[in-house]
Amino acid sequence: MKLKLVTAIAISAMAILSCSEDTGTIGTSLTFESDLLDLEADIFKAYSRSVAADSVYVRDFDSYIGIVKDPETNSYVKSEFMTQFNMLENYPLPDKNKLVMKPGDSINVDTCEIWLYFDESKCYGDTLTPVKINLLEMSKPMSETKTYYSNYDPVAEGYIRTDGLKKSISFTLNNLTYKDSVRNLLAYEERVRIPLNQAYTDKNGKTYSNYGNYILYNYYEHPEYFKNSYSFVNNICPGFFFQMVDGLGVMAMFKNIELRFSYKYHLKDDSKDYKSMMIMSSTKEVLKTTKLTNDKESLNKLIEDPTCTYIKSPAGIFTEVTLPIDDIKDLHPNDSLLSVSISFNRLNSSVTDNDYLLKCPSTLLMIPKDSLYTFFEKKRNYDNKASYAATLLSNCYTFSNISSVVSKMATSKFAGCLVDPDWCSYHPNWNKVLLVPVTATSTTTTNSTVVSSVTNQIELSTTQLVGGENSPIEVKVVYARFVDQ
């Protein structure tokens, strides 16, 4: 009977505790015919510190480009990215004999451009600050099977074609090259257009009037290269790297990137020319990676600050927490663990007169330190057993019950030390968790909304938390024991 009652009693106990700070009468507030549950609350201390994130898993992320100085911490971060383009299977184009040709019976593409569409809600900075970027052609595709982190540099790794297509362009977040009559249209979206209409020479030395002409020519000469995205990426277009050149104070986020070119064709028995557009997008079916460069000197100064801890994204600073596992288990050896809660209060920024303060991360993931890399590489979701999520509410991140991970850590230490007395020295992170800023994506059905994926946050954010070597964090624990009547 006792085992069957544990779950129901735990829920009741936690509900009572959440309503009152007075735990003196809890044991007598729950009675049963043959058992009496005796509850006891205790408080322990956890210690936190800032640690460098170094790099984060960045495959198939949103595409950011820019360089920003955080006005609160005076640290810089730069973002660049690589993207490939999705070739739809069996993409239909007119028969070659229906194309409008150039003199000499050669294929003709009118225009070829790359369009980058802003996500204005995730862009940062003055909308009229000019940004200069380079578009660099990849010499070969990055591997679909390789694990890419934010410190991976395609340029340094030799993935850029030295004699390939290169284009420099400047833009602002508000594209004033369009007239107001166009910008005021309901369907208008802010975007950057990169023309690729100059002559293009492929890796085999053949020259075309532009990059689109190169693609269309190969479509008819080598249809096997266009049967799917894999063939297209490995034989025609391995992708492009978007390199940041200049434009301090702006971080642009692109929600969609398109490679598009137009051509003309005619129908049978119709002398009229028709214009069509071939569009290939950067989608989740192809590879996208992000390269992040942080100002390590400035980050190290923040990490060494003993008065608080920091959370900083992208790929900046995490907060490490050492949980008092031994105290929680050893001081109550005969009690059952009902709940373990811990809260991290946010410190308000001392900078108040700046229009471009970075926002706070909305969601923090708590995860065992040694599980950090596999969690994101395996695209796992938090399960409230070994990983937990907390959202910022009332200037605080609260993890309401982490008892499962506490019990798991205690069990791992006990089992390890039975085999090897020096187990802890070989597993220095056995009682440590990290607080990591994440982006949680939700899926809504007719009945509910659930978190479908959790990824490293690439969007700009920063905050300070109460903690550090001189400010331990309270860990509130509730125990239970059965008292026979």
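Guide: Let's start with a rule: two strands pair if DSSP finds at least two bridges between them. Strands are DSSP runs of E with at least two residues, helices are runs of H or I with at least four, and both are numbered from the N terminus. What you see above is a predicted model, where local features need pLDDT of at least 70, side-chain atom pairs count only at pLDDT 80 or more, and totals for chains, interfaces and linings use all residues. Residues are numbered from 1 along each chain as its sequence is written, and side-chain values use heavy atoms, leaving out hydrogens and water.

Visitor: How many bridges pair strand 20 with strand 21?

Guide: Find strand 21 at residues 449-456. One spot to check is Ser442, which stands opposite Val451 in strand 21. Strands 20 and 21 are antiparallel, and their bridges number seven.

Visitor: And how many residues sit between strand 20 and strand 21 in their hairpin?

Guide: Follow the chain out of strand 20, which covers residues 432-444. Strand 21 starts at the other end of the gap, and the residues between them in this hairpin number four.

Visitor: Which residue in strand 20 is the bridge partner of Leu364?

Guide: Look at strand 17, residues 363-368, which runs antiparallel to strand 20 and is joined to it by five bridges. In strand 20, the bridge partner of Leu364 is Pro437.

Visitor: Which residue in strand 20 is the bridge partner of Glu320?

Guide: Now go to strand 15, residues 317-322, which pairs with strand 20 in the antiparallel sense over four bridges. Glu320 has as its bridge partner in strand 20 Leu434.

Visitor: Switching to rings, how many aromatic pairs are there?

Guide: Rings of Phe, Tyr and Trp (its six-membered ring) pair if their centres lie within 6.5 Å; planes under 30 degrees apart are stacked, over 60 edge-to-face, and the rest tilted. By that rule, the number of aromatic pairs is 26.

Visitor: What is the angle between the planes of Phe81 and Phe254?

Guide: The two rings are 6.1 Å apart, centre to centre, and the pair counts as tilted.

Visitor: Is Phe81 buried or exposed?

Guide: Buried means under 20% relative accessible area, exposed over 50%, and partly exposed in between (1.4 Å probe, protein chains only). Because its relative accessibility is 0%, Phe81 counts as buried.
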